[in-house]
Amino acid sequence: GPGVRTPTHIYGGYRGPAYCGSMLAKVWFWALSGEDAINRGERAVSFMGLSGIKTTIPYYKQILNNPTFRSGVFDTGFVEENPELLNYTERLSPENLALALAAAVAAHAGL
């Protein structure tokens, strides 16, 4: 949407290397106020859909929801000072879990 840019080299059906770096895509977002920018970032990250690999999307959701981050009063030590943000779980929605199971069954059956 407006104020969001996602530069990437991946595309639908992309099959990356087995061991790739974490930089498959970037999400840049901006707005006229910090609060609007963070809200825009939350929306952008929540709409990202990447299947088949573990991502850092839940980690960024944790950061964007952090009260200190949202206040705008932080520095480059933010990540080191908030190690609890690394304690996140990545949960699939029931729909995505059903799709993953169907894909696994299809792959096993050679379909």
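Colleague: In this predicted model, how far apart are the mean positions of the 9 positive and 9 negative charges of the protein?

Modeller: The mean position of the 9 positive charges and that of the 9 negative charges lie 11 Å apart, where Lys and Arg are taken as positive and Asp and Glu as negative.

Colleague: Which pattern does the protein follow when read along the sequence?

Modeller: The pattern is β-β-α-α-α-α-α, which amounts to 2 strands and 5 helices. The radius of gyration is 17 Å, well over the 13 Å that the globule rule gives for 111 residues, and the protein is therefore more spread out than a compact globule. Along the principal axes, the C-alpha trace spans about 55 × 30 × 25 Å.

Colleague: What share of the 111 residues counts as buried?

Modeller: Of the 111 residues, 18% count as buried, while the accessible surface comes to about 8,700 Å², with 59% of that area belonging to carbon and sulfur atoms.

Colleague: Which residues form the largest nonpolar core?

Modeller: As a general idea, nonpolar side chains in soluble globular proteins tend to be buried together. Here the largest nonpolar core has 9 residues, namely Ile-38, Val-45, Ile-57, Tyr-59, Ile-63, Leu-64, Phe-69, Phe-78 and Leu-85. Helices α1 (34-46) and α2 (57-65) each supply at least two residues of this core, and α2 gives the most, with 4 residues.

Colleague: What is Tyr-59 in contact with, leaving aside its neighbours within four places in sequence?

Modeller: With those neighbours set aside, Tyr-59, itself a member of the core, is in contact with Val-79, Leu-85, Leu-86 and Tyr-88.

Conventions: Residues numbered from 1 in each chain as written. Predicted model: local features only at pLDDT ≥ 70, side-chain atom pairs only at ≥ 80, totals over all residues. Heavy atoms only, no water. Core = buried A, V, L, I, M, F, W, Y, C linked by side-chain atoms within 4.5 Å. Buried < 20%, exposed > 50% of the residue type's maximum accessible area, 1.4 Å probe, protein only. Contact = heavy atoms within 4.5 Å. Rg over C-alpha atoms; globule rule 2.2 N^0.38 Å. Areas by Shrake-Rupley, 256 points an atom, 1.4 Å probe, with all protein chains shown as cover. Charge placed at Lys NZ, Arg CZ, Asp CG, Glu CD.
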